[in-house]
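Below is a short briefing on one protein chain, written for a reader who has the sequence and the structure side by side. Please keep both in view while reading the points.

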Amino acid sequence: MPRGNIMLDELFAHVDSLDQDSEREWNEREVDPEEAARFGERLALRMFDQFLNGDIDDDKVGSDIEGEDEEENEREEGQHSDTDSQLPNSVSNLKPSNADTSEPSTPKFTYPPLDRSQYVSRLILLHPGTQPYEITCSLLHLPLSTVSNPDTKDDEISRYIALSYVWGPQSPQRIITINNQPFPVGPNLYSALQHIRLEHAPRLVWVDAICINQADIEERNWQVSKMGLIYRAAESVVAWMGEATRGAGMIFQCLETFEDLTSSDQEIVDSVSPDAKRICEIIFGPVSTPETLHDGNEGDDRNEREAEEFLEEEGREVFTEEDKQIAHILWSQLDLLLERKLFWRSWIVQEIVLARSITLLCSHHSVSYTTLTHALSRACALRESVGIQSYSPSRTGIMKFLSISSLRTEMREPSCKITLFEIACRFGRLEATDPRDKIFALLGLSTKLICTGEMEDHGFVPDYRMGVVEVFREFAIFCIRKYDCLDVFAMPYRGLEEVGVHEGWPSWAPDWERRGVRDFGLLGLQAPVKVESGREYRKFRAGGQTSVEMVYWKDIPNVLTLRGVKFDVVSEVVEGDVFPDPRSIPGDAEAWKEWLRFAMRDLEDGHGDPYGSKEKTVEALWRTLVADSDGRGNQAPPWFEGEFYRWARGDGLKAGIAQGSWLADDDDYGRFSEEDNERYTQFADQLHQVTRGRKLFRTFRGYLGLGTWQVSEGCVVCVFYGGKLPILVDEAGTMRGIGKKSGCQEEEEEMEVPVYRIAGTGDCYIQGIMDGEALEISKEEGDIGLGHVSLV
């Protein structure tokens, strides 16, 4: 059967029967939804593959799938526990005895000393060979002169590759030979070395697990501080994605075809078969002529236009139901490929952003990084064109990959001014075996290094002698000092309600390990792509034109004292849902009526009335619900009020499948013009962005505000000097200590002061005090509440 004419309806009939046969297996135990989905996808993939080869046998397929499922459970995604199990018996029998996977007992490896005045690190010279023979190599020194200004170097030692990979479990250990000494490595690194080794020539490679003496803390600090130089200077970075599963192999074949079709060599383009080209078009859209590939997302608009033209082409059925079924299988496998742990590592950001060129390696398959970014961009555009969301909350690998790709493009512009804190906000919650690496892995990033090859001294250096809390606390202080802002207060994730701040952890220091409801906040600090879908964030300045003023405590490092005003206290919080789902806003759940009643009811005795009238209170409400922003960096326009009423009446569009898409009911067609609907979409997108995961509250002064789910009656509203947003805090007792103001020449003194704890993610929006008004009002009232606030 030709590959371009696959009858997938018959294929899925077989899959359905297999799913029914397997139902009892799933019902007998508690099943993880992701595991169940992956199991179903493996069924479809096996059937798809066998249909391609014209070989379908129900009994054989069922038993094979079950065996594949057991095999998948024995390894982490993208990693085989035993590479040699895939080899033919005739080859496996030739495997040397010292390549056994049993746990070896090896003597401690002796590293040659590293003269840091001349050398930045070491390299391994990977000796030639083929699987399954043992891996041998020599250890060389990497001169500082080689990695300094690398674009001017062309000697042999400068032509090394740097390996990007997942450490993964270190058991069972595999043994390689370095300088005639045995050296234990984990199974994933062993597999990577097997695949990057050349058959007839040696190869220079930098691998962190080997080239850094991990047991020497001083050397580890030194090399990690220079790691940006090492990756920037490498001739190429090879990203090892692990062994190929059946689905990953199919996707890589499609990517290799896409790479051939976009080649500038016409002979390579002509060598692609019509069937292979057709499958490639189904997943990535039309590729009619060779194209110039770029890192990043420059071609997104063009890709979207081409996808629409591809789908609207007249004269033939371009995207049949059969094609869509094939596309769903392949797109699902593309999603799974980007969910591999390689793209969840903290170190991957530095490795991709700094690299001159990148090769993605999965078993024997390989494509360039630019091929994947371009193909993925086209696939996302095609998916959106047929109403399929490019990413989902359960699979965030695509967004992580695109975010890193966006940063790679952004930092290649000499004018880029992105700060280390902004990078940490976007990527600080990627995974790291050592939590301290969530910060240390980002320190080598700078536009200066990318554009000139010279390191930038950020002023914060890796030090593995510090504990996790100390690293995160010191990084928070570093960011406040260096960038003169208090954005760190908006960064701790909202953990689960029953989970408080870690014991001994200051509430003002972001805990990059925490998980919880995700949002991009009011400042857009965590937006995965800098200007995602054209969104820009309004710049607030609740602290007016002031600068941060801190007091350092000599003997209590977890305390941070700031100058500011305790301006108000939360008096009421609206009852109802928290709306953590991005697609669930008050209007969708009819809870907006409760919010409206809460905002409009008569104020109780003792409450202020800053808005002055019912009309002004309604305006304050809708401006609060959109954070008085238009989603494009400006104050909300007056016409937003009309869209607010349309939304309140239930005449708004309904949320579509794709992110940011809004659809009209059948009865609504013709009632509103296209321009009306575009205006409503802008309002509704901003409403979704701001209200999700937040509660409406009122203060004793009568202000309306939005806070995260931790807001409660009695929370104190603080406005700090240099702060962009008001911060909600809870009383936490008193403390005694010795302190003095930063830069003050006065002697230290012992003081007892009240202390407060930030209420979760303490940032909030309060209509009427977002532009310095709180400080001005407090001064007019005789400096009531002005002074210093100590946070723990």
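The count of salt bridges in this predicted model comes to 23.

**Salt bridge between R122 and E219**

- R122 and E219 form a salt bridge in which the closest N and O atoms are 2.7 Å apart.
- This pair links distant parts of the chain, since R122 is in strand β1 (residues 119-126) and E219 is in helix α8 (residues 217-225), 97 residues apart.
- R122 counts as buried because its relative accessibility is 1%, and buried means under 20%.
- E219 is also buried, because its relative accessible area is 5%.

**Salt bridge between D151 and R356**

- The side chains of D151 and R356 meet in a salt bridge, with an N to O distance of 3.3 Å.
- D151 lies in the loop between α5 (144-147) and β3 (161-164), and R356 lies in the loop between α15 (347-354) and β8 (358-362), so the pair ties together parts that are 205 residues apart in sequence.
- D151 has a relative accessible area of 48%, so it is partly exposed.
- R356 has a relative accessible area of 34%, so R356 is partly exposed as well.

- R538 forms a salt bridge with D628, and their closest N and O atoms are 3.4 Å apart.
- R538 lies in the loop between α21 (468-483) and β10 (550-553), while D628 lies in the loop between α23 and α24, so the pair ties together parts that are 90 residues apart in sequence.
- R538 counts as partly exposed because its relative accessibility is 22%, whereas D628 counts as buried because its relative accessibility is 4%.
- R538 and D628 belong to one network with K616, E619 and R623, joined by salt bridges that share partners.

**Helix α15**

- Which residues of α15 are buried? They are W347, I348, V349, Q350, E351, I352, V353 and L354.
- Eight of the eight residues of α15 are buried, so the helix is largely enclosed by the rest of the structure.
- The loop between α15 and β8 holds R356, the partner of D151 described above.

**Helix α22 and what covers it**

- The buried residues in helix α22 (residues 592-600) are W592, W595, F598, A599 and M600.
- The cover over these buried residues includes three helices, α23 (614-625), α24 (640-649) and α25 (674-691).
- The cover also includes the strands β11 (560-573), β14 (694-699) and β15 (704-708).
- M600 and E615 are 15 residues apart in sequence, and their C-alpha atoms are 9.6 Å apart in space.
- E615 is found in helix α23.
- Is E615 buried or exposed? E615 counts as exposed, because its relative accessibility is 59%, and exposed means over 50%.

**Negative charge on the surface**

- E674, E675, D676 and E678 gather in a patch of negative charge on the surface.
- E674 lies in helix α25, which is among the elements covering the buried residues of α22.
- E674 is exposed, because its relative accessible area is 61%.

**Cis peptide bonds**

- Most peptide bonds are trans, and most residues other than glycine have a negative phi.
- The peptide bond from Q131 to P132 is cis, with omega near 0 degrees.
- P132 is found in the loop between β1 and β2 (136-143).
- S171 and P172 are also joined by a cis peptide bond, with omega about 0 degrees.
- P172 lies in the loop between β3 and β4 (174-178).

**Positive phi values**

- N180 is a residue other than glycine with a positive phi, near 65 degrees.
- N180 is placed in the loop between β4 and β5 (181-185).
- N180 is exposed, because its relative accessible area is 78%.
- A627 also has a positive phi, near 55 degrees, and is a residue other than glycine.
- A627 is found in the loop between α23 and α24, the loop that also holds D628.
- A627 is buried, because its relative accessible area is 3%.

Note on methods: Residues numbered from 1 in each chain as written. Predicted model: local features only at pLDDT ≥ 70, side-chain atom pairs only at ≥ 80, totals over all residues. Heavy atoms only, no water. Buried < 20%, exposed > 50% of the residue type's maximum accessible area, 1.4 Å probe, protein only. Helix = DSSP H or I, 4+ residues; strand = E, 2+ residues; numbered from the N terminus. Contact = heavy atoms within 4.5 Å. Patch = residues over 30% accessible without salt bridge, like charges linked within 9 Å, V, L, I, M, F, W, Y side chains within 5 Å. Areas by Shrake-Rupley, 256 points an atom, 1.4 Å probe, with all protein chains shown as cover. Salt bridge = Lys/Arg side-chain N within 4 Å of Asp/Glu carboxyl O. Lys, Arg positive; Asp, Glu negative; His and termini not counted. Charge placed at Lys NZ, Arg CZ, Asp CG, Glu CD.
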